[in-house]
Amino acid sequence: MKPKLYTIDGCISCFRAKQHLINSNIAFKEINLFTQAGAASELKKLNGEIITPLFFDGFNKVHGDEILQIGKKRKRWYRFNENFK
């Protein structure tokens, strides 16, 4: 499963998260809640609420600016699966 980044248009945190993942060479599929049918209900089912940005790699859910820490060694709590890089 390719990791997913849930976003909405006009969200600066979503933009920064997307750019960080791209710059860190982390593959992901962007799911835009405004343009993709069923995306909001998928996110609500996954997370219990609709909040963006949200990164989900199949194991971990990371919200907001915490996404900017993905791939950085200093965050010991986040065990990013190396297969998704």
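## Strand pairing

L5 stands opposite F55 in β3. This pair belongs to the contact between β1 and strand β3 (residues 54–56), which run antiparallel and share three bridges. Two strands count as paired if DSSP finds at least two bridges between them. The model is a predicted one: local features need pLDDT of at least 70, side-chain atom pairs count only at pLDDT 80 or more, and totals for chains, interfaces and linings use all residues. Residues are numbered from 1 along each chain as its sequence is written, and side-chain values use heavy atoms, with hydrogens and water left out.

β1 also pairs with β2, here in the parallel sense and through four bridges. In this pairing, Y6 stands opposite I31 in β2.

## Overall layout

The protein chain holds two helices and four strands. Their order along the sequence is β-α-β-α-β-β. Helices (H or I, at least four residues) and strands (E, at least two) are DSSP runs, numbered from the N terminus.

Of the 85 residues in the protein chain, 38% are buried. Buried means under 20% relative accessible area, exposed means over 50%, and partly exposed lies in between (1.4 Å probe, protein chains only). The protein chain exposes about 5300 Å², and carbon and sulfur atoms supply 50% of that area. Accessible areas come from the Shrake-Rupley method with a 1.4 Å probe; for residues, only the protein chains shown count as cover. Among contacts with a separation of 6 or more in the protein chain, 57% are between residues 24 or more positions apart. A contact means heavy atoms within 4.5 Å.

## Nonpolar cores

The largest nonpolar core has nine residues: L5, A17, L21, I26, F28, F55, V62, I67 and I70. A second, separate core has seven residues, including Y6, I31, L33 and F56. A nonpolar core is a set of buried Ala, Val, Leu, Ile, Met, Phe, Trp, Tyr and Cys residues joined through side-chain atoms within 4.5 Å.

The facing residues L5 and F55 are both listed in the largest core. The other facing pair, Y6 and I31, is listed in the second core.

## Salt bridges

The whole structure contains three salt bridges. A salt bridge is a side-chain nitrogen of Lys or Arg within 4 Å of a carboxyl oxygen of Asp or Glu. One of them joins the side chains of E42 and K4, at 3.1 Å from N to O. E42 lies in helix α2 (residues 39–47) and K4 in strand β1 (residues 4–7), so this pair ties together parts that are 38 residues apart in sequence. E42 is partly exposed, at 31% relative accessible area, and K4 is partly exposed at 21%.

D65 and R16 form another salt bridge, with their closest N and O atoms 3.1 Å apart. Because D65 lies in the segment after β4 (61–63) and R16 in helix α1 (residues 12–23), the pair ties together parts that are 49 residues apart in sequence. D65 is partly exposed at 41% relative accessibility, and R16 is partly exposed at 34%. K18 and E30 also meet in a salt bridge, at 2.8 Å from N to O. K18 is in helix α1 and E30 in strand β2 (residues 29–32), 12 residues apart, and the pair links distant parts of the chain. Both ends are partly exposed: K18 has 27% relative accessibility, and E30 has a relative accessible area of 28%.

## Two helix residues

L46 is placed in helix α2 and is partly exposed, with 24% relative accessibility. Not counting residues up to four places away in sequence, L46 touches Y6, L54, F56 and K61. The C-alpha atoms of L46 and F56 are 9.1 Å apart, and the two residues are separated by 10 residues along the chain.

H20 lies in helix α1 and is buried, with a relative accessible area of 14%. With residues up to four places away in sequence left out, H20 touches I67, L68, Q69, I70 and K72. Among these, I67 and I70 are members of the largest nonpolar core.
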